[in-house]
Amino acid sequence: MTNGLDRIVAADRTGRMAKGYGSSGRVPTCFVVDADGSIRHFLSLILHGAGVDTVELADGKSFAQAIAKGDPDLVFLNVGVESSEAIDAVLMLAQGGYSGFVQLMSSRGSAVLGHVKSVGDQQKLKMLPPLKKPFATAAVSRIMQQLKLGHPATVAARIGLDDALENDWIEFWYQPKIDLKKKRLAGAEAFARARHPQFGILSPGAFMPGASETDLVALAELALTSSLKAATSFSKLGINLRLAVNVPVNALVKLPISELVHAHRPPIENWAGLIIDVTEEQIVTDLKLAANMARRLAQLNVKLAIDDFGRGYSSLARLKELPFCELKLDRTFVSDCGTDKVNGPLCKTVIELAHNFGSLAVAIGIEKAADALALTSMGCDVGQGFLLGQPMPEERFLSLLRQRAAGQTRAAVAAAR
């Protein structure tokens with residue numbers, strides 16, 4: 001598959017450079033054509049996280065209407081039971097002079113996929129090697145990187161957090177939190193990134209090691225204010241999301257949380273509130289302080305969640321005294337929980353524990369469909385991870401929310417007819 005992609009990308013590189021991809025600030029667009037709404041949403045989450053806009057289309061008719069308005073850079077086209085529908089779509093693209101890429105996907109056999117691809121090849125379309133369903137998030141991410149669509153791959157670099165803060169390089173990206181039962185957006189978590197003028201986007205591993213406590217407190221304050229401002233932006237779309245942010249306990253003690261919330265929270269009566277994630281290891285050292293802090297924060301509609309649960313070996317009897325809204329399963333337990341004989345029972349125990357405490361169980365680091373299905377069957381409430389959507393810049397997350405809001409509006413209008 002990689003060799004086929006390399007040949008197509010190499011042949012296309014001159015034309016793409018002439019169009020100014022990656023240098024003009026233009027956001028690439030992808031059409032996702034599939035009758036299965038869950039597949040459309042899954043791909044949209046991945047693509048938005050990669051910096052690519054999407055248009056979700058359920059059938060050939062809506063695809064034809066969309067393509068008449070303008071060509072996307074890439075089309076994800078499902079080959080269903082009736083392969084003739086996919087062939088018709090391919091021929092339509094060729095007749096319209098489509099110059100972008102076509103990515104076939106299907107759960108059908110290789111012979112059927114190969115036949116549809118051969119039709120596109122004969123029409124001189126840029127047909128990528130087909131994807132067999134189910135496919136992993138990593139497979140889609142690799143395609144985006146090889147086509148050079150969306151965000152460039154991160155580079156290995158080290159900078160100081162103090163320099164990043166002083167030069168205003170820090171920004172916050174938002175990862176969707178998904179209601180596993182209802183299969184819809186339940187919130188988002190903020191993650192720090194540094195946008196360096198030379199190295200590009202850097203993850204926390206590039207600027208957090210060796211950071212001073214003063215800089216960590218400053219980063220925590222920036223995380224709180226940025227998340228509250230983002231919630232205001234989201235609320236202007238009519239979407240009232242509860243955001244989560246990671247803040248060390250020592251920063252919570254030092255920061256004027258009440259003033260920050262009152263100054264930056266969305267100006268709406270039914271604000272969903274804010275969640276502050278603190279690790280189990282940090283709170284077990286002083287549960288009384290954590291309990292008092294949680295009660296004070298609750299008056300501001302700010303609640304605590306226990307992150308990385310399972311690492312701290314805390315006393316469950318003492319933990320019960322702490323009011324928290326979420327218990328987040330450590331990612332080492334979540335990995336392979338659908339098949340591992342140790343991790344599976346551990347996840348189920350933590351999920352039941354969370355429910356006994358009157359809290360939600362949140363699984364982090366979900367990367368495999370089998371694990372997501374297993375967690376859902378165990379009663380896990382919320383999930384997040386690269387399978388469900390990777391962290392994305394605020395403007396990309398806003399784009400995703402606009403798409404969801406528009407889809408809900410269209411559905412409501414259709415239902416009213």
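Modeller: Before we start, a word on terms: a residue is buried under 20% relative accessible area, exposed over 50% and partly exposed in between, using a 1.4 Å probe and protein chains only. This is a predicted model, where local features need pLDDT of at least 70, side-chain atom pairs count only at pLDDT 80 or more, and totals for chains, interfaces and linings use all residues. Residues are numbered from 1 along each chain as its sequence is written, and side-chain values use heavy atoms, with hydrogens and water left out.

Colleague: Thanks! Is Cys347 buried or exposed, then?

Modeller: Cys347 counts as buried, because its relative accessibility is 0%. Cys337 is buried too, at 4%.

Colleague: Let's zoom out. How much of the chain is buried?

Modeller: Of its 417 residues, 51% are buried.

Colleague: What about helices and strands?

Modeller: The chain has 17 helices and 16 strands. Those are DSSP runs numbered from the N terminus: helices are H or I with at least four residues, strands are E with at least two.

Colleague: Changing topic: how much space lies in the second largest pocket?

Modeller: About 850 Å³. On a 1 Å grid over the protein atoms alone, a pocket is an open set of points where a 1.4 Å probe fits, with protein on both sides within 12 Å along at least five of seven lines; lining residues have an atom within 4 Å of a point. The volume is the space filled by probe spheres set on the points, which are joined across faces, edges and corners.

Colleague: Which residues are closest to its centre?

Modeller: Of the 33 lining residues, those are Glu189, Phe191, Pro204, Asn246 and Asp307.

Colleague: Which strand gives the largest share of that lining?

Modeller: Strand S8, with five residues. S8 covers 184–196.

Colleague: Where does Leu185 lie?

Modeller: In strand S8 as well. Leu185 is partly exposed, at 27%.

Colleague: What is Leu185 in contact with?

Modeller: Beyond neighbours within four places in sequence, its contacts (heavy atoms within 4.5 Å) include Pro176, Leu241 and Phe397. Leu241 is 56 residues away along the chain, with 8.7 Å between the C-alpha atoms of Leu185 and Leu241.
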